[in-house]
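Good morning, colleagues. Please look at the model on the screen while I go through its helices and aromatic contacts.

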Amino acid sequence: MRQPAHVRPALLVGLAGASAVLLGAFGAHALRGVLDARGIELWHTAVEYHAWHALALALAVALGRGRGGRLATAAFAAGIVLFSGSLYALALGAPRWVGIVTPFGGLAFVTGWLALGWALRPRHE
């Protein structure tokens, strides 16, 4: 059965938050002793940005209105995948060229914050 359109962003928020917790725990437990110091640092940065932007995604879904809210939602989701995803991959030994993706994820995060600010601006009626 097909989900109503408004349910999908809520599921995305749940997936983003849960995956941040799971990947953080995986890094702290399963990867201890497996990754070198640089890998641990990359993993930690990925989890931090993932978790913070999962919260930003929740804010965008809950409070963002109109095009700005939709753009913020999409940008935060893309940022998590591109920025954190590329750092997770690099930590696990992906080729260095994967790092080319990381700044695009950072740009998506910045876009998300700007769009969220736009969506939350006071409206004069």
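Read along the sequence, the chain follows the pattern α-α-α-α, with four helices and zero strands. Helices here are DSSP runs of H or I of at least four residues, strands are runs of E of at least two, and both are numbered from the N terminus. This is a predicted model, in which local features need pLDDT of at least 70 and side-chain atom pairs count only at pLDDT 80 or more, while totals for chains, interfaces and linings use all residues. Residues are numbered from 1 along each chain as its sequence is written, and side-chain values use heavy atoms, with hydrogens and water left out.

The C-alpha trace spans about 60 × 30 × 25 Å along its principal axes. Of the 125 residues, 34% count as buried; buried means under 20% relative accessible area, exposed over 50%, and partly exposed in between, with a 1.4 Å probe and protein chains only. Among contacts with a separation of 6 or more, 70% join residues 24 or more positions apart, a contact being heavy atoms within 4.5 Å.

Let me turn to helix α4. Which of its residues are buried? They are T102, G105, A108, F109, G112, A115, L116 and A119. Because these residues cover an arc of only 135 degrees around the axis, they lie on the same side of α4; the arc is that of the directions from the helix axis to the C-beta atoms. The buried residues of α4 pack against α2 (37–63) and α3 (66–91). On the other side of α4, P103, F104, L107, L114 and W118 are exposed. R121 lies over the face of W118, at 3.8 Å from the ring centre; the criterion is NZ of Lys or CZ of Arg within 6 Å of the ring centre and within 35 degrees of the ring normal.

H53, in helix α2, is buried, with a relative accessible area of 7%. Leaving aside neighbours within four places in sequence, H53 is in contact with F76, I80, F109 and W113.

Finally, the aromatic rings. A search of the whole structure finds six aromatic pairs. Rings of Phe, Tyr and Trp (its six-membered ring) pair if their centres lie within 6.5 Å; planes under 30 degrees apart count as stacked, over 60 as edge-to-face and the rest as tilted. Y49 and F83 form a tilted pair, 4.7 Å centre to centre with 45 degrees between the planes. This pair links helix α2 and helix α3, 34 residues apart. F83 is buried at 13%, whereas Y49, at 36% relative accessibility, counts as partly exposed.
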